[in-house]
Amino acid sequence: MAGPPPKPWPTGEAMQLEPLVRRVLAPNPSPYTYTGTQTYIVGIGDGCAVIDPGPDEKAHLLALDAAIGEEHVCAIMCTHTHRDHSPAAKTLAARTGAPIVGCAPLVLDDSGPRADASFDRTYEPDRVLEDGEAMTGPGWTLRAVATPGHVSNHLCFALEESGAVFTGDHVMGWSTSVVVPPDGDMADYMASLEKLYGREQDKVYYPAHGEAIEKPRQLVRGMIGHRRQRENQILRHLREEPLEAADFVPKMYKGLDERLHGAAKMSVTAHLIDLERRGLAMREGDVWSAA
């Protein structure tokens, strides 16, 4: 997990990344959001889409208003419904009249450690995109790529005109995603990584947090290997002694910011549940052991 770059960060600025893509950084930095949530604006001139509108905060909405200007907003698109991604959708829709399009709604009790990213219960999409369905506008096509795992309703959006993919929280360059059971699922997450790895046409990833990823398949291959390494670490420790999920954190995440220990515990738990389903681990109460 990389630390954030030195300040100043370009919070609130509309930055042109490629002819069809601009980025606006929200003012919500944290150990979980890096420098903040990045909202992307796709298209220019006749109509645009706003991807992951972010937190419902006045400063961020004003920055989006300035970036959009007089353009027609064709759609407000959400990769998933954590509170740092989708709450501004409702306010932006009211201002622009644009439909909310993208992931399915998801309302669950979130007992995980991510207080900044609990589920957004205000999210009400006008259209849910299934895997492979597209939203189109003047000169752009955004196709949904279903990537459950971080959460069950996670989508990426592939911009067919340029080979860019907006990866939300599924793939980020500065950190691996937190997978928080019961909605987060490690087997689904790994399958979604394999799915992206198989997309040879993708040229760049634009994540919701952190910089653009210029060698996407190389990063995804490394992430798959990293998760397999974590799995092997867990199995090795289980063969030595029975452990609770929290016991793995100091063994496996040396030097980790203490504020992130809860998230690390959740990801370990997701691995343990996956190993249990595969017959490689078992539990009695909160204590896990090798099967």
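**Salt bridges**

I searched the whole structure, a predicted model, and found 13 salt bridges. I then went through some of them one by one.

**Arg22 and Glu71**

I looked up this pair and found their side chains meeting in a salt bridge at 3.0 Å, N to O. Arg22 sits in strand β2 (residues 21-25), while Glu71 is in the loop between α1 (58-68) and β5 (73-78), so the bridge ties together parts 49 residues apart in sequence. Are the two partners buried or exposed? Arg22 is buried, because its relative accessible area of 7% is under the 20% cut-off. Glu71 has 15% relative accessibility and counts as buried too.

**Glu241 and Lys251**

Next I checked Glu241 and Lys251, whose side chains form a salt bridge at 3.6 Å, N to O. This pair links distant parts of the chain, with Glu241 in the loop between α4 and β13 (243-244) and Lys251 in helix α5 (residues 245-252), 10 residues apart. Glu241 is partly exposed, with a relative accessible area of 34%. Lys251 is also partly exposed, at 32% relative accessibility.

**Arg283 and Glu276**

I found another salt bridge here, with the side chains at 3.1 Å, N to O. Arg283 counts as partly exposed at 44% relative accessibility, and Glu276 counts as partly exposed at 27%.

**The network around Glu231**

Which residues are linked in a network of salt bridges? I noted Arg228, Glu231, Asp274 and Arg278. Glu231 is buried, with a relative accessible area of 8%. Leaving out residues up to four places away in sequence, I listed its contacts as His271, Asp274, Leu275 and Arg278.

**Charges overall**

I also compared where the charges sit across the protein chain. The mean positions of the 29 positive and 41 negative charges are 5 Å apart.

**The whole chain**

I stepped back to the fold and counted 6 helices and 15 strands in the protein chain. For 291 residues, a compact globule would have a radius of gyration near 19 Å, and the chain has 19 Å, which agrees. Along its principal axes, the C-alpha trace spans about 65 × 35 × 35 Å.

Buried residues make up 54% of the 291. I put the accessible surface at about 12400 Å², with 51% of it belonging to carbon and sulfur atoms. Last, I looked at contacts between residues at least 6 apart in sequence, and 60% of these join residues at least 24 apart.

Terms used: Residues numbered from 1 in each chain as written. Predicted model: local features only at pLDDT ≥ 70, side-chain atom pairs only at ≥ 80, totals over all residues. Heavy atoms only, no water. Helix = DSSP H or I, 4+ residues; strand = E, 2+ residues; numbered from the N terminus. Rg over C-alpha atoms; globule rule 2.2 N^0.38 Å. Buried < 20%, exposed > 50% of the residue type's maximum accessible area, 1.4 Å probe, protein only. Contact = heavy atoms within 4.5 Å. Areas by Shrake-Rupley, 256 points an atom, 1.4 Å probe, with all protein chains shown as cover. Lys, Arg positive; Asp, Glu negative; His and termini not counted. Charge placed at Lys NZ, Arg CZ, Asp CG, Glu CD. Salt bridge = Lys/Arg side-chain N within 4 Å of Asp/Glu carboxyl O.
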